[in-house]
Amino acid sequence: MAKYVIGSAWPYVQSVPHLGNMIGSVLSADVYARYLRSKGHDVVFVSGSDMHGTPIEVEALALGVDPADYARRMHEIVSELFKRWNISFDLYTNTHSDTHIKFTQEFFMKIYENKYIFTREDEMPYCPRDKIFLPDRFIIGVCPYCGYERARGDQCERCGRLLEPRLLKSPRCAICGATPEWRKTTHWYLDLRKLEEPVRKYVESNKYLPQNAREMSLGILREGLRPRAVTRDNKWGIPAPFPGAEGKTIYVWFEAVLGYISAVKEYYERRGQPEKWKEYWLDPETKVVFFVGKDNIPFHVIILPALILANGGGYTMPTTTASTEYLNYEGDKFSKSRRWGIWIDEALRLLPVDYWRFLLVYMRPENRDVDFTWAAALDVINKVLNDDVGNFFHRVLSFIKSRAGGAVPRPGPQASEDEAFIKRVLSLVESAEAHYEAVELREALMDGVEITREGNRYLNARAPWQLVKERPEEAGTVLYNAYWAVKAAAVVLYPVMPSSIEELWRMMGLGGPITWQEARRAPEPGAQLGDVRPLFKKVSQEEYKAMMQELEKMRNERWSKKYPWEQVVL
RNA sequence: AGCGGGGUAGGCCAGCCAGGUAGGCCGCGGGGCUCAUAACCCCGAGGUCCCCGGUUCAAAUCCGGGCCCCGCUACCA
């Protein structure tokens, strides 16, 4: 048994996450955490809403509401949605919690005392009307290269050139249109140059990192780490604790990643064990695993380890960051502004949650970007989830129910093909285990599916519906073996579809917890089956059309609402 | 521009790191079974493995060059 801290990237609560966010972080982390628990490991699974930062501040300003209020409302909604997605967080908190704020301030003071922080005065664009400093992308002007009139300060969307706000002609504030002025302001920088070597050593010696995380991180290190500003002139954020930094806040990216530590602390505080978090975060034996999309790699593989090193407090270095590529939607990136994609609230209105969980893990972009298309999704539901998996479960259980007395038969002598079948099933369980360990969730799921395919082949070859007439004892053996395969597949697929598999477990007449050992353990003959029904069903073309109409209707309604929290469908 | 990923049957992909009869799923054609959700099983057709060159007895796999697609580039969270 090992100790694990599992973290999924902290969703930014400006809006509800979409399916791509879900498979990249939260859902993948949940599947992995559930797998680890089924193996009996000691797991703390945490995440929370990222509440601070300019986008929320600006959005709140535009809507005329308090940013804290905005973030809190969205946080509550997202928390509720994750519950409905059956995410087994031990704690889903947010970056505005007292514990997190205090922890962050102390953590950065320690870094400051360790001399990794220096100050520098910069000139930054400032909107005199909104009275805020503007991040690059909140300045709009004419592109100096192509003349595009609505180029942003970081990049021109028409010609793709990287820009700086000073290059823009006739710059104006993206919020109110006023002309920004340049104001001097002091910022506190983290001196990443001093951390480059230890971070490089960390990355190079980390044998668990997925290839994309390794390549991207080494690429960044090759270019050399540069100091980065830790402070911002935002109002909405965690007050910077440094002497003389009154009125400044900590840049969201530098505090949100500390949430993985502070959330474990908060979890045990709430349980009345305020010191227990140290058994995780201060024990180098603890395995710390993060789940993020590829855009998040630098902050988890470079920045957080650098912060931990700079702090020097002996916090456990992350074991790995399980990073995915992107899930696209019907050929294009998910885009909130273009309303392109499916959001996790809508999704629950369209299909049962386990269908989504299965679909997303099946399509998990482990090696490259993957395109979510409805055509492919229906195919997976109808051919794989329903026909291969669901039908095999039902085929075996309903047969035992109707032709074998409704209880798990006692097996007789095993013929060589029976033995070969069990061996094959157990080797697939082993393969699934290896894949789960390597965080190859899609492959683990495929092993589970393969067990049911093998099961179907086995039944066709042994034809127990014939045997039951002439050699009932042999039929019992075959059904016993098939039942074992159902159990093995159930255990392998349990982390992906917890509620469906729990129901299956009851149908199988099994009472105990769904643990990994159950996959290998021979079933007990005589166990009475419960009521048996098909777990899944197909989605017909008509139902699909109805679904699309429902989606359309939903969207017309929600997007006519003013406030983001009113736009959510619950 | 730099960095990263990719180009394999009608579709989606595995194989490439550790060269040696080109695999899987879907779709298509044929057959079987009838326990099961018109499900399941078997057989078959179908491929210039992006292009050019090199190394090798042998290259989808290694090396060089080229073409095309996609993502990232960190005050965008």
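**Entry 1**

I began at Val142, which stands opposite Lys169 in β8. I note here that the model is a predicted one. Val142 took me to the pairing of strand β6, residues 139-142, with β8: the two are antiparallel and share 3 bridges. I then looked up the sheet that holds them. It is open, has 3 strands and runs in the order β7-β6-β8, with antiparallel pairing. I found β7 (151-152) and β8 (169-173) at its edges, each pairing on one side only.

**Entry 1. The five-stranded sheet**

I went on to a second open sheet, with 5 strands in the order β3-β2-β1-β13-β14 and parallel pairing. Its edge strands are β3 (91-94) and β14 (320-324); each has a single partner strand, so one side of each lacks a neighbour in the sheet. From one strand to the next I read an average twist of 20°.

Within this sheet I checked the pairing of β1 with β13. Strand β1 covers residues 3-8 and strand β13 residues 287-293; they run parallel and are joined by 5 bridges. Ile6 stands opposite Val289 in β13. I also looked for a helix on the sheet. Helix α3 (residues 67-84) packs there and touches β2 (42-49) and β3. The direction of α3 makes about 165° with that of β3.

**Entry 2. Helices α4 and α8**

I next took up helix α4 (residues 98-113) and helix α8 (residues 259-270). Their axes come within 9 Å and cross at roughly 130°. The crossing of α4 past α8 is right-handed.

I listed the residues that make the contact. From α4 they are Thr99, His100, Phe103 and Phe107. From α8 they are Gly259, Ile261, Ser262, Lys265, Glu266 and Glu269. By class I have 3 nonpolar, 4 polar and 3 charged residues in the contact of α4 with α8.

**Entry 3. The whole chain**

Chain A has 20 helices and 16 strands. Its C-alpha trace spans about 90 × 50 × 45 Å along the principal axes.

Technical notes: Residues numbered from 1 in each chain as written. Chains lettered and ligands numbered in written order. Predicted model: local features only at pLDDT ≥ 70, side-chain atom pairs only at ≥ 80, totals over all residues. Heavy atoms only, no water. Axes fitted to C-alpha atoms, helices over the stretch in contact; angles between N-to-C directions. Helix = DSSP H or I, 4+ residues; strand = E, 2+ residues; numbered from the N terminus. Left-handed = near helix turned anticlockwise from the far one by under 90°. Contact = heavy atoms within 4.5 Å. Nonpolar A, V, L, I, M, F, W, Y, C, P; charged D, E, K, R; others polar. Pairing = 2+ DSSP bridges.
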